[in-house]
Amino acid sequence: MVICISFVIAPASAQVSKEYQLKAVFLWRLAQFTEWPSDAFERADSPIVICVLGENPFDGALNAAVEGETAHGRKMTIQQHRVIEQARSCHILYIAGAGPRQARALTASLGNRSVLTVRDVDGPASAYDTMVSFITEQNRIKLLINPKAAMAARLVLDPRLLRSAEIIGE
Amino acid sequence: MTTTNRALLLVEDNEDDVFLMKRALKGARVVNPLLVVEDGQEAVDYLSGAGKFADRDQYPLPAVVFLDLKLPLISGHDVLAWIRRQRELESLVVIVLTSSNEPSDLNRCYALGANSYVVKPPTPEQLEELAKAFKWYWLEYNQFDEN
Amino acid sequence: MAPRQTSIQKRVRAVILLASVVVLFVTAAAFVTYEAITFRTRLVRNLSTLASVIADNSAAPLAFKNKAVAEEILSALKAEPDIEAAVLFDDNGGVFATYPKALPPALLPRTLEGAGHHFRDGALILFQPVLQENKVVGSLYLRNSFQGLYAQLWRYAVIVLFVLLGAFGAALLLSSVLQSRISEPILALTQAARRITANRDYSIRVPKLTEDELGVLTDAFNRMLLETQENQARLGEQARLLDLSTDAIIVCDWQGTVLFWNNGAEELYGWSRSEAIGKRKHELLQTIFSEPLEEIAKILERAGRWAGELIQTRRDGAHMHVSTRWVRDPAPSNTPARILITDNDITLQKQAEDLMRSEAKRLDALVEQRTATLQETIGELEAFSYSISHDMRAPLRAMQGYAKALLSDYGSKLDAEAKHYLDRIFRAANRLDLLIQDVLAYSRVAKGEIELHPIDLERLIDDIVSANPEFHAPQARVVVEKPLHRMLGHDAYLTQCVTNLLSNAVKFVPDGVVPEIHIRTEAIDGQVRVWFEDNGIGIDPLHYERIFQIFGQVYPEKKYGGTGIGLAIVRKAAQRMNGEVGVESNVDGGSRFWLILKEVNYDNHESRVTPGRG
């Protein structure tokens, strides 16, 4: 199965780097390790919406990744958005190509909405950053997680997730 | 034989008593012949006709025997007993005439078959009375069995 | 406690020990068995649980490709020393993380298997899929060796063994302590019993150690001892008292075995108590019984007692006659009966008895002899007096006869004087004859046993009067005041009495007086008194006694006649009829003779009465 999927995915996202393939996986994995409040979904079978804000680096990899996968029994759908206002109904928001100030502003505009914010960072993330940050170190993608921020958004993060990540904003 | 002729035998050993008896009988006018023997043996011989007594003319069988008890040789009791054993002397009247008034002698004599038992009266008058009474009773009124 | 363990202590201890050991063993065995049975399952479960947890925790690192964290998670297996290897495979089957970090390739699984476990090469191999959202994201491989387990089991067993031993030791100790609680009272009782049996000391008492059944037993035992002590004291007291007796007192059982032998028996038979007890009495004393022993036993059985005389032999061989009294001691049904025997030595008595008997026999013979002699003599005397009297009468008759004959035949030739002499001869002879007759009468009255019968006195008097002319009118007048009481007497004797009394009355009258005799009877106190009241010359009270003696004449024979024996005969006859005769003077002159005889009533009718001697 795994082999199959990677085969299928491979031609479609040949251009997408391994890094973003992995990050795509991480994203929907994150969905699996996060709990949204019940009012974050209309219905019981409402899907988890993973949004990409800005230029989509994943291409179709994210779509392919979430194909046939579930998180907490919900399907996941991918949305692409240009502006943050459109992204208010996302559950996970990947802010692509944003700097720290921008990221801060964007997350602030989200307020206390239960949206798990994710972005790539080059150096250490700050407390005002997105809840989850991907950092690449020694050919590995590390996760940096700000649990406080997640808690403020009424998001419950699986401790296992926390364990596998570096905690910031303590 | 008439009564007057019937002999009387006196068996008595005492001469005086014999004398007195004879006198008494005489006084009573008893005329019957009186024969006398002096002891028991003689009495038996006389009555059985033994020896000299075989002569019954001289020594007739008596009708009455006066028997004293105190006798030599054979006692009066024995003589009496002997007499009563002799069939031919069955009817012989035996009057025991003795000086004893012992009841034992009396009983014995009657038991042996004496016809009478008389105690010898002490006085001759009484003896004569007895002889008279004997005569009247035994010789005149009494009837002898004719043998 | 005794230095050497007694059987009850050992037993109790063994019991406690055994119980403890069995319990321990069973428990241990149960546990060990349980362990052995379940360890595999447990192992699997444990490992599974562990695998689940690790797998669960590994989902995130697998998902986010965080090898370090995965290794970190796996390294937690360090805590489980038995886990030899753990490998986390990713969803491609590649090794993601291992534990230990440097895993020898030998411990890697050859193939990647699905979920499950199996035992191979002394190890438990477990595969646990790592799931995320019900999708397999990786696989966890765990390898758990048994060595540790075996070591653990072994350890377990050793521990159990040591615990066992320890517990055994504790049980040993406990049992030693506990057994005493049971055995001590029992030992105390046993010891006491042994001592009592050995020393017969009933003053011993057993201390009461517990309040349970053993305590009850101890109490009962002590009570029994007390009773036995008291009994012993009582028996001892009784035995002591029995020893005071000089009679031989012996107690035997039914077979004759001696159970008790007092001092008297020791002295009598010469055998000491210790020698006699346990032996058979009849054998020891060589008893000769007067009746067969079975008979005696029967009598004893029936009547409870028997007395008799035995011949027994002393220790020194001397024979003795013994008077023995046996009493059966009735015992309760399940205990054997005993016999109490009391013996007296009667050897001397027996000898004396024998002597007396032989003496008595000798005397009897002597008496018989003398009596025979006496009777002979009496007989001779009687015959003598009889014949003398009769013989004497003949010459008297002759005297009288010849005198009379002389008088009547030769009276004419005799003068008055001659006639007078003859008359005197006659009268003398007459008198002698009377005397002889009276003597004969007296002797007849004096001898022999007579029977007394009821007498019709009226008829008797009639007979006498009619038989004797001198009592008839006009010579005399006999008046009988009828009715006369009936009395006990003897016909002949009474005739003699009455005749003599009447003839006396007729003889002893004054000149010219017609003798008159009144006869009457009166009954007083069962006796009849016959009165003969005459009008004769009377008797001076001085002579009242003399006249009843032989030849006790008061008045001259010349005047009144009489032999002098008449009243003596009356007295003798009266005495032989158990009566009495006497005289009083009449108020008007004359005499009153009385004769007392027993009255006839239905008690003494026709009795054989032993006549009085007098």
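## Where chain A meets chain C

In this predicted model, 16 residues of chain A are in contact with 13 residues of chain C, a contact being two residues whose C-beta atoms, placed from the backbone, lie within 7 Å. On the chain A side, helix 2 (18-33), strand 3 (70-71), strand 8 (140-145) and helix 6 (159-163) each put in at least two residues. Helices here (H or I, at least four residues) and strands (E, at least two) are DSSP runs, numbered from the N terminus. Helix 2 of chain A has the largest share, with five residues.

Sorted by class, this side of chain A has eight nonpolar, three polar and five charged residues.

Residues are numbered from 1 along each chain as its sequence is written, while chains are lettered from A and ligands numbered from 1 in the order in which they are written.

## Where chain C meets chain B

Chain C also touches chain B, with 13 residues from chain C and 14 residues from chain B in the contact. On the chain C side, helix 9 (347-410) and helix 10 (416-446) are the elements giving two or more residues. Helix 9 of chain C brings the largest share, 11 residues. The chain C side splits into five nonpolar, four polar and four charged residues.

Chain C itself has 14 helices and 17 strands. Of its 614 residues, 27% are buried, where buried means 20 or more other C-beta atoms within 10 Å of the residue's own, with C-beta atoms placed from the backbone.

## The sheet of chain B

Chain B has five helices and five strands, and from the N terminus they run β-α-β-α-β-α-β-α-β-α. Buried residues come to 35% of its 147 residues. Of the contacts in chain B between residues at least 6 apart in sequence, 69% join residues at least 24 apart.

The five strands make an open, parallel sheet in the order 2-1-3-4-5; strands pair if DSSP finds at least two bridges between them. Strand 2 (34-37) and strand 5 (116-119) of chain B each have a single partner strand, so one side of each has no neighbour in the sheet. On average, neighbouring strands are turned by 20 degrees against each other, direction ignored. Strand 4 (residues 93-98) of chain B is joined to strand 5 of chain B by four bridges, and B:Thr98 has B:Val119 in strand 5 as its bridge partner.

## Helices of chain B

Helix 3 (residues 76-85) of chain B lies across strand 1 (7-11), strand 3 (62-67) and strand 4, at about 175 degrees to strand 4. Axes are lines fitted to C-alpha atoms, for helices over the stretch in contact, and angles run from 0 to 180 degrees between N-to-C directions.

Helix 1 (residues 15-27) and helix 5 (residues 124-141) of chain B have axes that come within 8 Å and cross at roughly 55 degrees. Residues meeting there include B:Leu20 and B:Arg23 in helix 1, and B:Leu127 and B:Glu128 in helix 5. By class, the contact has seven nonpolar, one polar and two charged residues.

Terms used. Predicted model: local features only at pLDDT ≥ 70, side-chain atom pairs only at ≥ 80, totals over all residues. Nonpolar A, V, L, I, M, F, W, Y, C, P; charged D, E, K, R; others polar. Buried ≥ 20, exposed ≤ 12 C-beta atoms within 10 Å, placed from the backbone.
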